[in-house]
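Hi,

Here is the structure for you to look through. My notes follow below it.

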Amino acid sequence: MTEPHFERQVDRSHMQVSDEVAIQIENMNKWYGQFHVLRDIDLTVQRGERIVIAGPSGSGKSTLIRCINRLEEHQQGKIIVDGIELTNDLKNIDKIRREVGMVFQHFNLFPHLTILENLTLAPIWVRKTPKKEAEATAMHYLEKVKIPEQADKYPGQLSGGQQQRVAIARSLCMKPRIMLFDEPTSALDPEMIKEVLDTMIELAEEGMTMLCVTHEMGFAQAVANRVIFMADGQIVEQNNPHDFFNNPKSERTQQFLSQIL
Ligand code: ADP
Ligand code: MG
């Protein structure tokens, strides 16, 4: 398999999976109206896992990760995040959203706010963090994603790759314990994909629990401890990356891999 984005060595020494459960999904089902979009999903994520979710378009990948921070509501079964069950209880939803950061394909930055203001908005208004402190935290994470010099610019003045790194930094400002990524590099030009993946690799190296929907199979091989393959709203197969790519069990998985690799 050729993968141009991964000449880089990934340090797995800190990527340890703990015994602690971060996310527990039990027999979960979801419908959009009559359409049964997620079927009998069972998934346990330990703290420190880096999970890549792969599968054809329309298989329910986005819906699954959106259910984990209640951007979508499930109708059956259980989702428990950091020991808190997701129900209609708004206090619990709020608690879980504090733990779970999310990065989308489209960066969803506020175009009329500077980069620094984008990063401090939620900490100041939602968390009531003093402005000076919120700005110091924001600069810390802008340095981490290697664009502190862009703090006073507006999103439209940055490249797509830079905007996505701002979006990641913005999530980190809320100090999440779990990060969800939904095709974070799909809207980027090839030369910008690497800088965003590098940022994600660094997060993984620091031990972040991550669920990433991505077509970057080189990233999956280098970083993931588990690859989950979805089709038609179900988890069809899951395995460590080596066995997933070299010895896929189901025909659906084989067919999918033959198309993308
Ligand atoms: P993936 O991310 O794997 O491409 P999605 O989770 O976005 O898949 O979508 C799964 C299925 O649910 C698709 O058939 C899609 O058309 C449908 N779907 C997604 N969002 C909605 C919605 N808000 N209302 C109705 N159907 C939806
Ligand atoms: Mg999707």
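**Aromatic pairs and a helix contact**

Both phenylalanine 229 and phenylalanine 256 are buried. Keep in mind that this is a predicted model.

Start with the rings. A pair of aromatic rings is described by the distance of the centres and the angle of the planes. Searching the whole structure turns up 2 aromatic pairs. In one of them, phenylalanine 229 and phenylalanine 256 sit 5.1 Å apart, centre to centre. Their planes are 45 degrees apart, and the pair is tilted. It links distant parts of the chain. Phenylalanine 229 belongs to strand E9 (residues 226-231), while phenylalanine 256 belongs to helix H9 (residues 251-260). The two are 27 residues apart.

Which kind of pair do phenylalanine 244 and phenylalanine 245 make? Their ring centres are 5.2 Å apart. Their planes stand at 90 degrees, and over 60 counts as edge-to-face. So this pair is edge-to-face. Phenylalanine 244 and phenylalanine 245 are both buried.

Now the helices. Look at H3 (residues 115-125) and H4 (residues 131-144). Their axes come within 9 Å and cross at roughly 125 degrees. That angle makes H3 oblique to H4. The crossing of H3 past H4 is right-handed.

Which residues make the contact?

- From H3: Ile115, Leu116, Leu119, Thr120, Pro123 and Ile124.
- From H4: Lys131, Ala134, Glu135, Ala138, Met139 and Leu142.

By type, the residues of this H3 and H4 contact are 9 nonpolar, 1 polar and 2 charged.

Best wishes

Methods
Residues numbered from 1 in each chain as written. Chains lettered and ligands numbered in written order. Predicted model: local features only at pLDDT ≥ 70, side-chain atom pairs only at ≥ 80, totals over all residues. Heavy atoms only, no water. Phe/Tyr/Trp six-rings, centres within 6.5 Å; stacked < 30°, edge-to-face > 60°. Helix = DSSP H or I, 4+ residues; strand = E, 2+ residues; numbered from the N terminus. Buried < 20%, exposed > 50% of the residue type's maximum accessible area, 1.4 Å probe, protein only. Axes fitted to C-alpha atoms, helices over the stretch in contact; angles between N-to-C directions. Parallel < 35°, antiparallel > 145°, perpendicular 65-115°, else oblique. Left-handed = near helix turned anticlockwise from the far one by under 90°. Contact = heavy atoms within 4.5 Å. Nonpolar A, V, L, I, M, F, W, Y, C, P; charged D, E, K, R; others polar.
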